[in-house]
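Please keep the sequence and the structure open beside it.

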Amino acid sequence: MLTVIVSCVYSFATVGLQPSNKGSSNDTNPTQEAMQMVQGEKLMYRNTKLANSVRWAMFAGAAAAAVTAVPSYAADGEEAVERIEVTGSRIKRTDIESASPVSVFTAEDISNSGYSTIEDFVQNIPAISGVQFGASINNGSSGYATASLRGLGDSRTLILVNGRRVVNNDLNLIPVSFLERVEVLRDGASTIYGSDAIAGVINFITKKDFDGVEFTAQTDRTSKGDGEIQRYALTMGANSEKGNAVINMEYTKRDTIWQRDRGFADCPLAEDDGVKYCTGSGTTTPANVNLDGTGTFPKGAYVVIDGVPRPFDGATDAYNYAAVSYLVTPQEVFSFNATGNYEISDGGFSSVNAFTEVAYSNRQSEQLLAAEGTFWGQVVPEDHPDNPFGQDVVISRRLAETGGRRYTQDADAYKMLMGFEGYFQNGWSWDVSYNYQRFVDASVEYGLGNPERFNTLVNKDLCDADDACPGLWNPFAKDTLTPEMIAYATIPNSPVTRQEMRTFQANLSGDFGDFELPGGAIGWAVGYENRYESYEEQLDGAAVIGQIYNQPSDSTYGDFRVDEAFAEFELPILSGMPFAEKLTFSAAIRWTDYNYLDSSDTTTKFGIEYAPIDGLLLRATKAEGFRAPSITELFSAEIQNNPSYNDPCTNWGSSTNAIIRANCAADGVDPDYVATSNQATSVSGGNADLKPEESDSFTAGIVYTPTFFEGFNMAIDYFDIEIDDAIGSPGPGNIINACYNSQDFSSPLCDLIQGPSYFGQAPLPGSKYRSVLGPVAGILDKSANLSTFTTKGYDFDFSYTTPVIGGDLNLSLEGTYLKEYNYLAFEGEEMIKAAGKVAEDQNASGRKGAFAKWRANVNIGYSTDNFSVFWTSRYMSATDSYVYDADALDNTADAIWYHDVQGTYYLGENYSVTLGVRNLFDEEPPYVSDYEDMNTINTSYDTAGRYMYARFTARF
């Protein structure tokens, strides 16, 4: 692979390159310039023989900046001012502050965090809340990593790369070493960027004016000696008179951490009489047999030990599924990215610059769950020679001999973007581009059972009649499922998912020249976008004919087209006047037409910026939001989930709730019932009948940079977002509790509980809703337009930089206070108020997440020409269980502080060595009785523990 890349690079060695002063607008970002001033010569790339060789080896047209600066045009005698584009607006402007709140994180910020992946960096931004998919999710993961701004879900957080959409929002596929900065827009931006930007935007800006060579190698390892992470990155760039180009290659590998290797997660915990104890699943090895009392044995659960039945004891017989499951999932990611542009024309009616972006990423990831069980209700006939019960019995047998359910993904993402950009003689800028992206995930799932063949393995007549049957299986004893039986009765599942996106864009931006308001020229931008998206899930042939238990049986395909047009205006009312240093209004409108919707939609956004004095800015925005169902929400196939939930029937005999007592009794649950598993079985999937959701958002804030306090900056912003017809799912826990707390099961949510027969499971005797093991089963939790969301709070950001003893001291505090996070899971049900709670996240298939009221990062850094040191403290306030249980040991996930330290020593001008520790004091995630997985809220807290790392960087 490397040989091919080098050959391609060399073959373009004679192509000229554009001068750097015609580069991206991002090259002139004041934030970046300030960063380079602080770092001084440490980021300068020397004119070495190696650097010169690389310059001439770079191939022009490799890729390009997504955004360009408008060049300087001014009347005679006037000073020209360059304009740039910032996230949240398409209008080129002369400053980076706008009416919309934007957080900017530079490449240096990412480096100082010590993270090897952008997943970890982004998910620790305080504005992120609720469930985050990533390395700490094993059960139900597909290997991807996401970000959920405001806790409103990754589907409402628009991910951009250089201002353009990506086909798949997987953060794993964005290389750390290729980033110049990350811009986080913290208000609704549907009017500017279209659908999916209701909660905000995360825009990853890549390096475009990079000159030289940079090589980075980093290795991370936990203090327990596991979970190693390796990262190797190479970046090469060059500028010349006709263009510029950058190439980046990065490889990252993350090793496994097992749940059994962390004391807080080595077995699932249960509580009884104020004591925690290890438990597990009632699907065990050897088999757990549930008798109905019609034979010679009393009603109840039994296991067979040395051929003799005895009552099942959950404390000793339950299956510890945690011990054989991943705590941190392994993965490998390779990425190749190239950007560049080439000047075609520099004069005439308009300049013309060709640009392109090329990207390829491959992610290979894996999850490992405990072995599958005979969840389909395996019947062992009376005449089985090892059946000691004298009757047909239903067994719950864990197929431990298979080694577990292993899910692997081999995902490829491709991007080819080509376009032209330029500027007219009057300073108006334009660009047109075509962006083709494709994502293919070839998955293989091992250890899945074929119920028909397992029935054959326990039935002598059927086994004798099948020449392929390797012999009769004794499920009443351990280690009896032979390799031949496993090969006969389990089937690998190999579904393939494909996504495609094709986008044509055209934009024009400028001002009205001499037609000015008192504050200056009226800025404007207009544009058009046509986007096509398709989605396909091609299922395994065995699954289609029903030979693999609990797998989707229908392949799915769907596509749509959307046409969009927008206009944006910036109206400078006043400027440079007493008590009106600046007063600017902004307005934007966007028209959207999806081909599968009955009508088009129009959204608007308004903003105001008011600076009464120099250094003080007051700002506010009011925006309408629009989000059409995503391609996956429309067309994804059904999948089974096993979310944790708080069972309302636990020990219902001592409950004072008359409705609970009556319903649990009617459902055949014993008064002293304690579940052997707290996992429900539910199904989620696409819904082609979804309609768009709409939102209103409001932000108001203050930005203060006092002239009398040099180096100090502060910003405080209020946010308020309301979403109607929100696409989501009620969540299994919400469905169960609403149903069991309704008189005679009268809640409409009860209709979503289909019972164990939906999955082919054996029922609990006398129960409509429960499997033989006790948990509620067969919950339909598909997406629907059924929710409303309201979230309010404050973001705050303080920073101070000052020279100290020959170096620079940098202090910063950034955080979010979540005042309110409410959602209505289903019309007619109680409003769920989740701020400060551990609650089900409707945007993550009902998984529990922590919606902490306070999240904050404190950073202290000191740097000189020879070394730098940084300390970061990450804080998350305590969260209470939404489902409060007076008998629970712990209804609160305690507040947590994580501390990270890092030191870098610069070996001359070209080399640096960095050592650091993340989670310095090895803080364990908090225990909460109503946990999600791993006895904690693994979707919101660090589960790996203390990480130590070393990094070497060479720059030429």
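1. How much space lies in the second largest cavity? That cavity holds about 690 Å³, where a cavity is a set of points, on a 1 Å grid over the protein atoms alone, at which a 1.4 Å probe fits but cannot get out, and where the volume is the space filled by probe spheres set on the points, which are joined across faces, edges and corners. By this rule there are 17 cavities of 30 Å³ or more.

2. Before going further, please note that this is a predicted model, in which local features need pLDDT of at least 70 and side-chain atom pairs count only at pLDDT 80 or more, while totals for chains, interfaces and linings use all residues. Residues are numbered from 1 along each chain as its sequence is written, and side-chain values use heavy atoms, with hydrogens and water left out.

3. The lining of the second largest cavity consists of 40 residues, of which Asp120, Gln123, Asn124, Tyr941 and Asp942 are the closest to its centre; a lining residue is one that has an atom within 4 Å of a point. At least two lining residues come from each of α5 (118-123), β38 (854-863), β39 (867-876) and β42 (896-907), the helices (H or I, at least four residues) and strands (E, at least two) being DSSP runs numbered from the N terminus. Sorted by class, this lining has 17 nonpolar, 16 polar and seven charged residues, with Ala, Val, Leu, Ile, Met, Phe, Trp, Tyr, Cys and Pro taken as nonpolar, Asp, Glu, Lys and Arg as charged, and the others, Gly among them, as polar.

4. Turning to the strands, β6 (residues 212-222) has eight of its eleven residues buried, so it is largely enclosed by the rest of the structure; buried means under 20% relative accessible area, with exposed over 50% and partly exposed in between (1.4 Å probe, protein chains only). Strand β6 runs antiparallel to β7 (residues 229-240), to which nine bridges join it, and two strands are said to pair if DSSP finds at least two bridges between them. Within this pairing, Val213 has Met236 of β7 as its bridge partner, and in the hairpin of β6 and β7, with six residues between the strands, Gly225 takes a positive phi near 85°. Nine bridges also join β6 to β44 (residues 947-955), again antiparallel, and there Thr222 stands opposite Tyr947.

5. An open sheet of four strands has the order β37-β36-β40-β41, with mixed pairing. Its edges are β37 (848-851) and β41 (892-893), each of which has a single partner strand, so one side of each is left without a neighbour in the sheet. Strand β36 (residues 837-840) is joined to β37 by four bridges and runs antiparallel to it, and Val838 has Ala850 in β37 as its bridge partner.

6. Another open sheet has five strands in the order β14-β13-β12-β19-β18, and its pairing is antiparallel. Here β14 (308-311) and β18 (378-380) are the edge strands, each pairing on one side only. Three bridges join β18 to β19 (residues 393-396), which run antiparallel, and the bridge partner of Val379 is Val394 in β19.

7. What pattern do the disulfides of the protein chain follow? With bonded cysteines counted along the chain, the pattern is 1-2, 3-4, 5-6, 7-8, and the count comes to four disulfides, each being a pair of cysteine sulfur atoms within 2.5 Å. In one of them, Cys463 is joined to Cys469 with an S to S distance of 2.0 Å; the torsion about this S-S bond is about -90°, so the disulfide is left-handed, and both Cys463 and Cys469 are buried.

8. Another disulfide joins Cys649 to Cys664, S to S 1.9 Å, and with -90° about the S-S bond this link is left-handed. The pair links distant parts of the chain, 15 residues apart, with Cys649 in the loop between β28 (639-641) and α13 (658-666) and Cys664 in helix α13. Cys649 is buried, with a relative accessible area of 0%, and Cys664 also counts as buried at 0%.

9. Cys739 and Cys750 are likewise joined by a disulfide, S to S 2.1 Å, whose torsion about the S-S bond is about 115°, so this disulfide is right-handed. Cys739 lies in helix α14 (residues 732-740) and Cys750 in the loop between α14 and β32 (779-780), so the pair ties together parts that are eleven residues apart in sequence. Both Cys739 and Cys750 are buried.

Definitions and conventions
On a 1 Å grid over the protein atoms alone, a cavity is a set of points where a 1.4 Å probe fits but cannot get out, and a pocket is an open set with protein on both sides within 12 Å along at least five of seven lines; lining residues have an atom within 4 Å of a point.
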